[in-house]
Amino acid sequence: MRCILFLLYIFTNIALGCDNKVLDVNSTDGISAKLLLKDNDSLLVLVLNHGKILSAEEIDVLSEKKNHITSEDYNRDGYKDFSVWHLDEGMGTYKIYRLFIFTPTEKKFKEIKPVCGDDFVNIRIEGENLINVLYDGNTPKSCAIPLKALK
């Protein structure tokens, strides 16, 4: 009964929620993930293998601005990763990211922290690097992080 209620809760959130995602993490291995953003303050992450739940985790993503979910293979390991981002809480001109990398050995997502700066800001991928913008006073500077180093 508890399982049925849990699945009903999940599917209701998928149908009614906004910015929710279903990721095909790796179709060869049959691994997928459901990302359910609830009330802009928590994210339910379900990792599934051929539809069977392998792990479930709730992550606090509270922000005064609207959260968004983006998926990409950030570390180029063949598995889809995702980020949660929102506009900065000042003038709303910068995107602040939290990156989550899929770890195939643990079959779950792990949040990574920037090696330069306090947050991932206005990130972009150039070649084999993830470019993070950090500010020295009001001066923007770029920091290149090799994609393969994202673990």
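Predicted model: local features only at pLDDT ≥ 70, side-chain atom pairs only at ≥ 80, totals over all residues.
Tutor: Local features here need pLDDT of at least 70 and side-chain atom pairs count only at pLDDT 80 or more, whereas totals for chains, interfaces and linings use all residues. Residues are numbered from 1 along each chain as its sequence is written, and side-chain values use heavy atoms, with hydrogens and water left out.

Student: What makes Cys-116 and Cys-143 a disulfide?

Tutor: Their sulfur atoms are 1.7 Å apart, and a disulfide is defined as a pair of cysteine sulfur atoms within 2.5 Å, so the pair qualifies. A search of the whole structure finds one disulfide.

Student: Why is the pair said to tie together parts that are apart in sequence?

Tutor: Cys-116 lies in the loop between β8 (108-112) and β9 (120-121), while Cys-143 belongs to strand β12 (residues 139-146), so the parts that are joined lie 27 residues apart in sequence. Strands are DSSP runs (E, at least two residues), numbered from the N terminus.

Student: Why is Cys-116 called buried, and Leu-54 partly exposed?

Tutor: Buried means under 20% relative accessible area, exposed over 50%, and partly exposed in between, with a 1.4 Å probe and protein chains only. Cys-116 has 14% relative accessibility and therefore counts as buried, as does Cys-143 at 14%, whereas Leu-54, at 36%, counts as partly exposed.

Student: How do you know which residues Leu-54 touches?

Tutor: Contact means heavy atoms within 4.5 Å, and, not counting residues up to four places away in sequence, Leu-54 touches Val-47, Leu-48, Asn-49 and Lys-107. Leu-54 itself sits in strand β4 (residues 52-60).

Technical notes: Helix = DSSP H or I, 4+ residues; strand = E, 2+ residues; numbered from the N terminus.
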